[in-house]
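Subject: Structure handover

Hello,

The structure you asked about is below. My notes on how its parts pack follow it.

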Amino acid sequence: MSPVKHRFVQLLNRAQRATQRWIEGRPEAWEGISAAQVGLLFVLRSRGDAAIGEIAQDLGVAPAAVTNLSKRMQAAGLVERVADASDARLTRLQMTPTGLGAAELSRSALADLNGRLAAGFTQEELQTVARWLAQAAALEVALPRD
C-alpha cells in the first residue's frame with residue numbers, strides 16, 4: 001500500500017478561508033474592528049502594555065505595520081500611548097476601556113471558534129496540530145532573504 005499524499009498547503013489555505021468566512025459572518029463580535037486589530041488587542045490584554053517592537057514580535061509582523069495599525073486604533077479610541085515607566089524615550093501602548101470591551105467581544109467569538117475547531121480531537125492530537133501550525137508559521141523566519 002502506498003503512503004497517503006497529504007495536500008497540506010491546499011488544506012491550510014482552505015482552512016484559512018473557512019475560518020475567515022466564519023469570523024466575517026459574525027460582525028457583531030468585532031464591533032467594527034479588523035482581525036489585525038483584534039490581534040493587537042490580545043497582545044495588550046496579555047501584557048497590559050507593550051512597545052511597538054514587542055507587539056510586532058508577538059504578531060510576527062514589521063514594526064512599521066504595528067505603528068500604522070496603532071495609529072488607526074488610537075484614532076478609534078481602542079488604544080492609547082503611554083510613556084514607559086523606566087525609559088522616558090520609549091512609548092508603550094495600552095488598551096482603553098473601549099479597546100478592552102472590543103477585546104472581550106472578540107475573545108468570546110474566538111473561544112466559540114476554537115471550541116468548534118477542537119471538537120472531536122484529543123489533547124494529544126491538538127498538541128500535534130499546534131506544533132505543526134507553529135512549524136508552518138516559522139517557515140517565514142527561515143526563508144532566505146535576497
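Helix 2 (residues 35-47) and helix 5 (residues 97-118) pack at an angle of about 105°, and their axes lie 10 Å apart. Axes are lines fitted to C-alpha atoms, for helices over the stretch in contact, and angles run from 0 to 180 degrees between N-to-C directions. Helices (H or I, at least four residues) and strands (E, at least two) are DSSP runs, numbered from the N terminus. The two helices, helix 2 and helix 5, are therefore roughly perpendicular (65 to 115 degrees).

This is a predicted model: local features need pLDDT of at least 70, side-chain atom pairs count only at pLDDT 80 or more, and totals for chains, interfaces and linings use all residues. Residues are numbered from 1 along each chain as its sequence is written, and side-chain values use heavy atoms, with hydrogens and water left out.

From helix 2, V38, L41, F42 and R45 meet residues of helix 5, including L100, A103 and L110; contact means heavy atoms within 4.5 Å.

There is also an open sheet of 3 strands, in the order 1-3-2, with antiparallel pairing. Two strands pair if DSSP finds at least two bridges between them. Strand 1 (49-51) and strand 2 (79-83) are the edge strands, each pairing on one side only. Strand 2 and strand 3 (residues 91-95) pair over 5 bridges, and A83 stands opposite T91 in strand 3.

Helix 3 (residues 52-59) packs on the sheet and touches strand 1, strand 2 and strand 3. Helix 4 (residues 63-75) also packs on the sheet, touching strand 2 and strand 3.

Regards

Conventions
Angles under 35 degrees count as roughly parallel, over 145 as roughly antiparallel, 65 to 115 as roughly perpendicular and the rest as oblique.
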